[in-house]
Amino acid sequence: MSDKIKLIIEGTEYELPVIEGTEGEKAIDISKLRDLTGYITLDIGYKNTGATKSAITFLDGETGILHYRGYPIEQLAEKSNFLEVAYLLIYGELPTAEQFAKFENGIRRRTLVNEDMRKIFDGFPVNAHPMGVMAALASSLATFYPNAVDPRKDRDATDLRIYRLLAKMPTIAAWAYKNSHGHPLNYPKNKYNYCQNFLYMMYALPTEEYEPDPVVVDALDKLLILHADHEQNCSTSTIRLVGSSKVSLYSSISAAISSLWGPLHGGANQEVIEMLEQIKQDGGDVTKYLAKAKDKNDDFRLMGFGHRVYKNFDPRAKIIKVACDNVLNKLGINDPVLEIAKKLEEAALSDEYFVERKLYPNVDFYSGIIYRAIGIPVNMFTVMFALGRLPGWIAQWLEMRIEDQPIGRPRQIYTGATKRDYAPMETRK
Ligand code: SDX
């Protein structure tokens, strides 16, 4: 492979370097293009543009491959646990027993949030969407812990912020849920592991004993692993851009949460269940909804289908689909919505419109069915995605800051009015 390409613009020949990644991906480095040629490139939605090099996650959309720091997602989902995967993504290697103990203990001991935060909770309307609460409270952490640090200079202080976020976001999420139900808040208990603690804070009631079901704990841990990172998706690109101004990690995470909330991104898991419920209410006729999804005059989309990068099966969807059957069988749940999802998937995968556009089920298509089976309410589905994606956002922010990347500032092509003079109001028509 040549390490440069030639570009001819208005008769002049230019050479631009080509870089190749460890998995054979190739890019034309255009960082000097404007200086050389006066031209910039335009790629609305960045469908063909790399914003960074990264050593964190590799995915191949054509073959449906997903690796976290080189480890296949299938192996991590089967053999690892969420906090170990979080360590791997953030620090680059699987932890030794000693490293994991320090990491896990650093998180376990910081699950409480400042009591003044409860006053913020009290200010939200009872029907506040928990993603709005999460984004606001993540940002408020920057006021409770105001000193932003330079990750290149102070790794201990940076680790402390990482522990705080991983520790406190589940507490904030569970409190958002409890607050919306008018239930008393549950405080975390150090006797529980990460997922047990979250389920305890979500579901324990003062009126009865509660112990987290191991089947539910295992399903939640697997779902968090599967959501932990996904290279330069919308919310990760958001945290890199916001973080490049050197604002604190807490404020950067808040921006990522807001981005994930969108229905085209992490908000899709909530939309999938609402769509499946609508199909069920409407008699379960999946062909009618496939037709709606294909009708350009209908803005209905098959939520949970299609992906910017995966033009083959999303490997996470395959794992979640199997886990779905396992969890529902173990819990003895017969969810008719699962059967509708399978019918919809089968019909779409044999429909020319979807086949031609390489639209396959993505991570959001089945995840909502498991969340529902383990008792997570629909408006908390995207919160679960955010809790899973937290280590990935942190890892990507850390990589960008440690490499001391410049502030992100894209260019544009101006298409507005050319120069004109101010006209007094009385002369305007
Ligand atoms: C996530 O980037 C990531 O990595 C994201 C994520 C992560 O882990 O961070 O994987 C998580 O966000 C998964 C995606 C969740 N979103 C949804 O399920 C919403 C439904 N899907 C779509 O809206 C859409 O597929 C996107 C947004 C996911 C991708 O959109 P693209 O890449 O911009 O593709 P497109 O909108 O240009 O669609 C190409 C064609 C169009 O038709 P034509 O104009 O060619 O005729 O496919 C059609 C679209 O109309 N199409 C769909 C469709 N998705 C695309 N038609 C019907 N139903 C759909 N779901």
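**Note on the predicted model: strands and charged side chains**

1. Y68 has Y71 of β6 as its bridge partner. The model under review is a predicted one. Strand β5, residues 65-68, runs antiparallel to β6, and two bridges join them.

2. These strands belong to an open, antiparallel sheet of three strands, ordered β4-β5-β6. Since β4 and β6 (71-72) are the edge strands and have a single partner each, one side of each lacks a neighbour in the sheet.

3. The loop between α1 (33-37) and β4 (57-60) contains K47. K47 counts as exposed, its relative accessibility being 57%. Together with K296, R301 and R308, K47 forms a positive surface patch.

4. The structure contains 22 salt bridges. One of them links E104 to R108, with 2.6 Å between the closest N and O atoms. The two residues lie four apart in helix α4 (residues 97-108), which means that about one helical turn separates them. E104 is buried at 16% relative accessible area, whereas R108 is partly exposed at 21%.

5. A further salt bridge is formed by the side chains of D116 and K119, at 2.9 Å from N to O. K119 is exposed, with 59% relative accessible area; D116 is partly exposed, with 37%.

6. In helix α12 (residues 268-281), E277 and K280 are three residues apart and therefore separated by about one helical turn. Their salt bridge has its closest N and O atoms 3.6 Å apart. K280 is partly exposed, at 33% relative accessible area.

Definitions and conventions
Residues numbered from 1 in each chain as written. Predicted model: local features only at pLDDT ≥ 70, side-chain atom pairs only at ≥ 80, totals over all residues. Heavy atoms only, no water. Patch = residues over 30% accessible without salt bridge, like charges linked within 9 Å, V, L, I, M, F, W, Y side chains within 5 Å. Areas by Shrake-Rupley, 256 points an atom, 1.4 Å probe, with all protein chains shown as cover. Salt bridge = Lys/Arg side-chain N within 4 Å of Asp/Glu carboxyl O. Lys, Arg positive; Asp, Glu negative; His and termini not counted. Charge placed at Lys NZ, Arg CZ, Asp CG, Glu CD. Buried < 20%, exposed > 50% of the residue type's maximum accessible area, 1.4 Å probe, protein only. Pairing = 2+ DSSP bridges.
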